[in-house]
Amino acid sequence: MCGILAYTGKGNIRNIVKKGLKSLEYRGYDACGYAFAYDNNISIKKEVGKNKIESLTDSLPEYVEKNVYLLSHTRWATHGDNTEKNAHPHYDCKKNIFLVHNGIIENYNEIKNDLLASGHKFIGSTDTEAIPHILESIDYISTPEKIFEILQGSFACVFLDKKQPFKLFIFRRKSPLIVGKDKNTLFISSDMQTLSLFCNKFIEIKENIFYQLDTKNIYILPENKKIIYSFTISSFFNKKEIESEKENIFMKNEIWQQPETIKKNIPILQSLINEPASKLNKFIKKCKFPERIIIAGCGTSWHAGLIGKIYLERFSKIITQVEYASEFRYNNPVFNKNTWFFALSQSGETADTIGAMELAKLFNIPIIGIVNNPLSTIDKNSDFSFHLNVGTEIGVAATKSFTMQILILFMLSLFFAKDKKEEKKKFISAIYELPEKIKEVLNKEDELKQIVEEYFLSSSNAIFLGRGYNYPTALEGALKMKEISYIHAEGSSAAEMKHGPLALVDKNLPVVFIVGNKNDITYEKIISNMHEVKSRNGKILSIVNQREKKIDSLPSDKVLILPETIPELTPIINVVALQIISFYAGILKGCDVDKPRNLAKSVTVE
Ligand code: F6R
């Protein structure tokens, strides 16, 4: 989705913008642009298409003697075609104001019609273009509140005005925007990751407040009140990873990091749960034990929530409902007194999940964030946050964040489970074995690549099936396959096949059965479902979590044997294999696996 990088002060302009915009690339973009003021001249340039950051930034000077006031942007089209006219920065009629924007202006049509009627000229068809024209028509220095009265929707804006030299102006609602400070420079970005490339002191930009920046200070308008920098971030963001320019490495690295991400987090989670004085235990003391939990998320996070529901209901006996955040927020949901709300999100900036969380907040119930990005909107607005603590995830496809979401939900369900002492011990020792078992899956790279060649490359469709814990794994396997390789894939409960999808099966359709292990309650059931597909000549790949005699009699064309673990943890083992399969399907089909077409890492609009 769109990204903003701006700065005031001195430095190598070309390097700063190149480095900043490249670090925003992972969010997905179709066009990019910049505007900068130097000696009261404003230069502007835009480029349309992917991979245009190099040519855009090559047009920038390296050093200039004096201070520069610069804004730049990557656009992921939402309103209006992908054309130069619709790319940012946008400007007013007199070309005084140059503005970049993230978010969506919901009432832009109305605003645009009013502005057209009063003589303003528009050149493009985006919602953003309305904003510089409004700024042109109001006195934002003395009455900045007007802009917040007029605009509806979400926005993070940075702009320059020829009539107000040596300044940058910023304001936001819902969409994030952060200011950072280095020695002689102020940086502004929509993305904490980008900002952390340049500085380590940050200030949070509040909603519905209009700020003015020079090269050293930030002031609130209209009072011109100077604000003090308030916090510093930890070393969460790995500069080396963010800056890496090699292609197709992030997704693979992130899959391969999973033994480490799991290993380092087990003791952290254990002490959070076990230490009576831990932050979690202190928090729980202040709340009533949950009678019901609502989990909201999107995409892969929603899949993790589905697995979490089984844990929470089975072990904690807490009624749990899992919702697409996008639907939940508009369905007039019912909240009763002892309901807790879990917002599940890698980025912590998914607009729909934030919207669902804001709705839940109105009911004064405990809000738990399970997020990867510290200081993200969901993290900041939760009453208690679990951090995935898996490091930056740059590849657009969620991988290491998914396995950690599952582990956190599993451990949390054990925390809420009142008895089951012996069972818990068994579970914890299985958790400690996970990193080595994931390594065994990674060691099957060649076999997995071969499976891709045999099963998926010649097909434009595939079906992924599972039951119980591995039904959400099947949904996730299908999602990974379609987003990374563009092979159309559907995930389903294996039991649902005979209610319709079975009609699709023929000898050419790859059908992946995620069988699990023999101790799973649904083991025999899924084998019967396999027979139903085999009888229709389906081309079956089955994934099992143990080596036992029965495997030879499975009605499969191929069996992939993965390490054995308790049924509860099979999704973590199995999904790693499915991630590798979709990775190689993408690579062998020549796709950009780190940045699949049309997708964005952080979905900051509804
Ligand atoms: C798929 C994927 C997406 C995200 C979804 C939610 O690989 O990454 O489906 O899971 O956009 O994002 P977060 O978790 O950041 O809220």
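The C-alpha centres of domain 1 and domain 3 sit 46 Å apart. This is a predicted model, where local features need pLDDT of at least 70, side-chain atom pairs count only at pLDDT 80 or more, and totals for chains, interfaces and linings use all residues. Residues are numbered from 1 along each chain as its sequence is written, and side-chain values use heavy atoms, with hydrogens and water left out.

**View A. How the chain is divided up.** The domain assignment gives domain 1 (3-243), domain 2 (246-439) and domain 3 (444-592). These bounds come from an automatic or database domain assignment.

**View B. An open five-stranded sheet, S17 to S20.** Read across this sheet and you get the order S17-S16-S18-S19-S20, with parallel pairing. (Strands are DSSP runs of E with at least two residues, helices are runs of H or I with at least four, and both are numbered from the N terminus; two strands pair if DSSP finds at least two bridges between them.) Strand S17 (319-324) and strand S20 (384-387) each have a single partner strand, so one side of each is left without a neighbour in the sheet. On average, neighbouring strands here are turned by 20° against each other, direction ignored.

View C. Strand S18 (residues 339-345) pairs with strand S19 (residues 367-371) in the parallel sense, over five bridges. Look for Leu344, which stands opposite Ile370 in S19. Helix H11 (residues 299-315) packs on the sheet and touches strand S16 (292-297), S17 and S18, with its direction at about 170° to that of S17. (Contact means heavy atoms within 4.5 Å; axes are lines fitted to C-alpha atoms, for helices over the stretch in contact, and angles run from 0 to 180 degrees between N-to-C directions.) Helix H13 (residues 351-361) packs on the sheet too, touching S16, S18 and S19, and its direction makes about 165° with that of S18.

**View D. Another open five-stranded sheet, S22 to S25.** The strand order here is S22-S21-S23-S24-S25, with parallel pairing. At the edges are strand S22 (488-493) and strand S25 (558-561), each pairing on one side only. From one strand to the next, the twist averages 20°. Strand S21 (residues 461-466) runs parallel to strand S23 (residues 510-516), and four bridges join them. Ile463 has Val511 in S23 as its bridge partner. Helix H19 (residues 523-534) lies across S21, S23 and strand S24 (539-544), running at about 165° to S23.

**View E. Helix H16 against helix H20.** Helix H16 (residues 421-442) packs with helix H20 (residues 570-588) at an angle of about 30°, and their axes are 9 Å apart. That makes H16 and H20 roughly parallel to each other (the label for angles under 35 degrees). Leu434, Lys437, Ile438, Val441 and Leu442 in H16 meet Ile572, Ile573, Val576, Ala577 and Ile580 in H20. By class, this contact has nine nonpolar, no polar and one charged residues. (Nonpolar covers Ala, Val, Leu, Ile, Met, Phe, Trp, Tyr, Cys and Pro; charged covers Asp, Glu, Lys and Arg; the others, Gly among them, are polar.)

View F. The peptide bond from His88 to Pro89 is cis, with omega near 0°, and Pro89 lies in the loop between strand S4 (68-75) and strand S5 (90-91). Leu221 and Pro222 are also joined by a cis peptide bond, with omega about 10°. Lys174 isn't a glycine, yet has a positive phi of about 65°.

Note on methods:
Parallel < 35°, antiparallel > 145°, perpendicular 65-115°, else oblique.
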